[in-house]
Amino acid sequence: MPLVDILLHMKAPSVWLVCCFVLMSTLLMSAGHSAVSRVAPDRHDRGESAHRAFDCGDEPVLSETLIRRHSQDERRVEGPCDGVARGARAFFDERLHGLGGNGRSCATCHMATDHFQLSPASAEARFQILQWRRQWNRHADDPLFRPIDADDFRTNGEDATDFSNLRQNGLIRIVFPLPPTMRLIDPATNAPSGETSVDVWRMVPTVNDVALTGADSTNPWARLPNPLGGYQLDGRVATLEEQALGALTNHAQIQGAPPQQLLDDLASFQRVLFTNRRVRALSDAIRAGTTPLPDPDRRLTELEQQGKVVFTRACAQCHGGPAQSNSQAPAVRFHDISSQCPRPVDTVTPPRFAFAACPPRLARNARTYEIKLINGTTARRTSSDPGRALLTGFVGGLPGQDDWNKFDVPGLRGISRTAPYFHNNSAATLEDVVDHYIEFFKRVKVNAPPGLVPPVATTDGVHFDRQPLPEEREALLAYLRKL
Ligand code: HEC
Ligand code: HEC
């Protein structure tokens with residue numbers, strides 16, 4: 001449908017909102033594109049972008065009852081982009097009328113100017129701007145800095161003011177009830193504490209490409225929740241609606257139940273957010289059932305093409321499928337890639353693998369747990385974020401089955417623009433990421449039971465042949481920067 005028709009179908013505020021949003025995203029997209037087009041001009045692609053940005057796809061998905069209710073209201077005409085427009089408004093709405101929130105919108109953390117994520121640099125800049133504004137206006141506010149995400153919230157409650165984790169690391173507090181098999185160790189006494197929940201600190205992932213990165217239908221994990229993957233870094237949430245409900249409750253601290261329509265609209269809006277139009281075209285093709293699927297890669301140089309070959313061998317067993325976010329069997333679905341703090345250290349000298357150590361600003365988020373393992377014995381383990389183990393309490397057994405430190409595999413499209421990396425923002429650059437994986441594969445080899453090569457490390461079931469070689473580093477990086 002042409003743009004004019006879409007706009008005519010909308011009420012005035014929606015038009016403005018969508019116009020602003022589209023203008024903004026077109027600017028962001030073309031900014032990203034022009035940076036690249038210096039390397040590989042692609043005129044055809046560019047002509048397509050303006051057209052695609054206005055396409056609302058199959059959104060909104062209105063329920064039958066809603067359509068009936070609306071058809072009785074003559075003033076209300078459902079336009080093809082209405083769900084998306086309402087969702088866009090809600091995504092940026094800090095007042096959330098009638099819900100009694102804390103002044104936060106989704107965009108407070110998923111910043112539109114930060115590719116819908118939050119970098120530590122942006123968090124720190126916003127903190128500085130807030131201090132500056134407070135010189136003139138003591139009521140000046142930025143809802144990013146709410147006590148629930150202050151380091152000293154547990155001791156100072158609503159008076160908490162220490163935002164070190166947000167400012168230095170760009171991390172948000174996520175609270176989990178402790179599973180019955182796990183207890184926290186009190187660092188002061190070195191004995192199990194009476195705590196019934198644990199705080200972990202996680203980065204704000206982008207909401208670009210979420211139409212693609214949810215659950216898929218293959219390669220189930222052995223345990224609930226969501227054995228086929230899902231949303232959140234640990235895959236604990238099945239749908240975008242469920243995710244929005246959780247965010248409104250936990251981050252925006254709303255007081256009542258939000259209307260289902262709000263959750264649907266937020267989902268509609270997020271389903272049209274993409275890294276670029278090629279990823280959008282891929283998503284459209286999947287939805288339409290078109291085959292073969294289009295390749296979302298830009299035109300690649302020879303070096304980048306070599307990097308893609310390395311990626312396919314060394315990374316795609318986990319970052320597989322069209323969205324690069326699903327492990328391919330026999331590799332299991334959820335993985336521990338040693339991204340927690342503290343990083344594992346080899347006990348042998350000289351060390352057979354050596355991860356870069358976590359800086360103190362991140363290492364201090366580690367806690368020690370006393371865990372009842374599945375074989376009935378008790379053990380202590382230390383981690384800044386045990387991942388899926390906090391959902392299941394299932395720890396021990398073969399490495400492939402243990403939930404300890406396991407996370408869902410994220411998509412990697414647009415990755416060059418969303419540094420730093422990993423669930424705790426512990427890798428500053430893509431170089432750090434690749435170096436981390438070079439050590440990761442060495443450790444897999446060290447820990448493998450004799451005569452057994454884990455599927456993540458082998459293409460033929462016999463040799464350790466997946467790891468990126470030092471001489472392949474530059475090519476792999478070139479490809480990652482192009483994603
Ligand atoms: C206080 C900051 C904050 C606010 C406000 C916030 N989020 Fe998030 N969001 C996060 C963090 C942190 C995560 C990762 C949490 C985790 O994995 O446990 C996340 C994860 C997500 C994800 C999962 C992405 C993926 O790939 O799995 C989606 C979708 C999302 N948020 C949407 C929303 C929506 C919609 C809203 C508004 C209703 C919202 N967020 C408000 C911080 C925030
Ligand atoms: C064993 C499975 C596995 C392999 C192999 C693997 N990854 Fe990952 N990757 C993951 C998981 C799980 C995460 C999420 C971990 C986290 O957030 O701490 C992740 C996260 C990432 C991230 C961070 C994403 C973000 O938004 O912060 C990047 C970048 C990445 N991987 C790149 C690669 C590259 C490049 C390779 C190949 C050299 C690779 N991965 C190989 C499982 C894997």
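Two strands are taken to pair if DSSP finds at least two bridges between them. Helices (H or I, at least four residues) and strands (E, at least two) are DSSP runs, numbered from the N terminus. The structure is a predicted model, in which local features need pLDDT of at least 70 and side-chain atom pairs count only at pLDDT 80 or more, while totals for chains, interfaces and linings use all residues. Residues are numbered from 1 along each chain as its sequence is written, and chains are lettered from A and ligands numbered from 1 in the order in which they are written.

Confidence was examined through pLDDT, the predictor's confidence in each residue, from 0 to 100. The protein chain averages 87. At least 70 is reached by 84% of the residues. Residues 1–53 stay under 50. For this stretch the model has 47 contacts beyond four places in sequence, a contact being two residues whose C-beta atoms, placed from the backbone, lie within 7 Å. Residues 61–77 are also below 50, with eight contacts beyond near neighbours in sequence. Where pLDDT is low, the predicted coordinates should not be read in detail.

An open sheet is formed by four strands in the order 3-2-5-6. The pairing is antiparallel. Strand 3 (191–192) and strand 6 (378–383) are the edges, and each pairs on one side only. Strand 5 (residues 367–372) and strand 6 are joined by six bridges. Across this pair, Ile371 stands opposite Ala379. Tyr369 has Arg381 as its bridge partner in strand 6.

Ligand 2 has 24 residues around it. A residue counts as near if its C-beta atom, placed from the backbone, lies within 6 Å of the molecule. Cys315, Cys318, Ser339, Tyr421 and His423 come nearest. Helix 16 (residues 430–447) gives the largest share of the shell, three residues. By class, the shell has 18 nonpolar residues (Ala, Val, Leu, Ile, Met, Phe, Trp, Tyr, Cys and Pro), six polar (the others, Gly among them) and no charged ones (Asp, Glu, Lys and Arg).

Gln128 lies in helix 7 (residues 120–136). Gln128 is exposed because 11 other C-beta atoms lie within 10 Å; the cut-off is 12 or fewer, with C-beta atoms placed from the backbone. Gln128 and Arg167 are 39 residues apart in sequence. In space, their C-alpha atoms are 9.7 Å apart.

Conventions. A residue is buried if 20 or more other C-beta atoms lie within 10 Å of its own, exposed if 12 or fewer, and partly exposed in between; C-beta atoms are placed from the backbone.
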